[in-house]
Amino acid sequence: MPAHSFSAAGATVLILFLKVQTSVPAPLNGSKWTYVGDNGEEAWPKSFPSCGGMFQSPIDFDSDILQYDSTLSPLVLEGYNMSSSEQFILTNNGHSVKLALPPNMYIKSLGPRYTGTELHLHWGNQNNPHGSEHTVDGKHFAAELHIVHYNSDKYPDVSIARDKSDGLAVLAVLIEMGSFSPSYDNIFIHLQDVKYKDQKIQIPGFNIQDLLPQNLNEYYRYQGSLTTPPCFPSVLWTVLRNPVQISQDQLLALETALYCTHIDDPSPLELVDNFRRVQKFDERLVRVSFHQEQDIPYAGLSVGVILSVAIAGVLGVSVILALSIWLLRRKKSSKKEENKGVIYKPAVKTEADINP
C-alpha cells in the first residue's frame, strides 16, 4: 500500500474514532469535575471544550431578551403517570440525585418524539437556599428540576443523541419554598438511602406530571446546552414559567442529606450548591408562550406601578370631591344660621306717610 494511501486511511480511522468518542458518555470516574475548587467551573473548558463554547446554559430570563411567539403550542406529555406497582431507580451520582425514567414517557408536542431518560435536581445550601440554575430578571429560585429527554425518532439512545444539535430536550421546573409537596416527597423520603456517591435504590412509581405546575401553557423556550460537563450545545430548553412549591423541611432535607463522596471516603463532602452560574446569552432571543406584563405600552412602567398611580389618582379626586361637598354644605349651613339671627321689624311710618 502506498504511504500516502496509508496516511489517508489512518486519518480517516482517526476521524471516525474521534467522532465515536464524542458520542460516548464520559465515564463516571473519568475526567473529574466539580462546581468549586481546582476542577470547578473555571476549569471545565480545559477538559470539556464545549463548556467554553457558544449556546451555553443556564441563562437569565431578562425581559429584554424575551419575545412572544404565538406559534408555541401547549406542552403535550405522554406516559408521565406511572403506577405505584412500577419501579424507578434513584441514584446518587456524586453531582445530583437522579431518577431513571421508563421508555414510554415522552413529549409529544415538539415535532419529533423526545423520550424521557432521567430527571435530576439542582439546589443551594441551607445558609443560601438559592440553587436554581435559570434565573428570572436576576432572581434565583430555591431549586430546579430537570427532566431530560432525547430525540428517539432519530437516535437509538441518549448517549448517541446528547452531542447532536437536535438530540436533547429538557423540561425544567423552578422550585420555590412554600407549602408541602406530596409529589416531591416521593423522592425526598428516599434521600437517606442514597446518601453517598454511587448508592442507588428502587422506589415505587408515581405520577411524574405532579412534579410540574398545573399550567403547562406558559414557558420559556430557547436553544442551549447541558449545564454540566461535557456541556454539549444540544438542548432544546423548555422552562416552565410558574414555579412549584416545596416546604422548608423538604428543601432542608435536599440540602443536607447527600454527599458527593463515597461512603468510605475519609474526607466526606456534602453535595450542595450543585448549580452552574448563569452564562452569556450571545445576543439571542428567548421565545415565550405568554404575553409579558412589560408589553403594555405605558412608557415601560410595570402593571404594578401603573395600577398604583391609577389608584392614587382616584383617591386624590375622591378627596378633592369630598372636600368640595363639605365646604359647599358648610357654606349653605352658615347662610341659614345668619337668616335665623335676623329679627323682623315693621317699617316706621313717617309723618308724611300719615298726612299725605
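This report describes the fold, cores and charged contacts of a predicted protein model.

The model is predicted, so local features need pLDDT of at least 70 and side-chain atom pairs count only at pLDDT 80 or more, while totals for chains, interfaces and linings use all residues. Residues are numbered from 1 along each chain as its sequence is written, and side-chain values use heavy atoms, with hydrogens and water left out.

**Overall composition**

The protein has seven helices and 15 strands; these are DSSP runs numbered from the N terminus, helices being H or I with at least four residues and strands E with at least two. Of its 356 residues, 40% are buried (buried is under 20% relative accessible area, exposed over 50%, partly exposed in between, with a 1.4 Å probe and protein chains only). Among contacts (heavy atoms within 4.5 Å) with a separation of 6 or more, 74% are between residues 24 or more positions apart.

**Nonpolar cores**

A nonpolar core is a set of buried Ala, Val, Leu, Ile, Met, Phe, Trp, Tyr and Cys residues joined through side-chain atoms within 4.5 Å. The largest core has 46 residues, of which Y184 and I208 touch the most other members. Beyond its neighbours within four places in sequence, I208 is in contact with Y80, F88, L99, L101, M105, L119 and I147. Another core lies apart from this one and has 25 residues, including F61, A172, V239 and F290.

G116 is in strand β7 and is buried, with a relative accessible area of 4%. The C-alpha atoms of G116 and I147 are 7.1 Å apart, although the two residues are 31 apart in sequence. Not counting residues up to four places away in sequence, G116 touches L101, P102, M105, Y106, V148 and H149.

**Charged residues**

Side chains of opposite charge can pair when their charged atoms come close. A salt bridge is a side-chain nitrogen of Lys or Arg within 4 Å of a carboxyl oxygen of Asp or Glu, and by this rule there are six salt bridges. Some of them are tabulated here.

| Salt bridge | Closest N and O atoms |
|---|---|
| R277 and E41 | 4.0 Å |
| K164 and D163 | 2.8 Å |

R277 is partly exposed at 44% relative accessible area, whereas E41 is buried at 12%.

E218, in the loop between β11 (200-204) and β12 (219-224), and R241, in the loop between β13 (235-240) and β14 (244-246), are 23 residues apart. Both are partly exposed, E218 with a relative accessible area of 22% and R241 with 26%. Salt bridges that share partners join E41, E42 and R277 into one network.

E133 is placed in the loop between β7 (114-123) and β8 (135-136). E133 is buried without a salt bridge, and the nearest side chain of opposite charge, R276, is 7.0 Å away (Lys and Arg count as positive, Asp and Glu as negative; His and the chain ends are not counted). The side chains of E133 and H122 are joined by a polar contact of 3.5 Å. A polar contact is a pair of N or O atoms within 3.5 Å; within protein, one must be able to donate a hydrogen and the other to accept it, and residues adjacent in sequence count only if both atoms are side-chain atoms.
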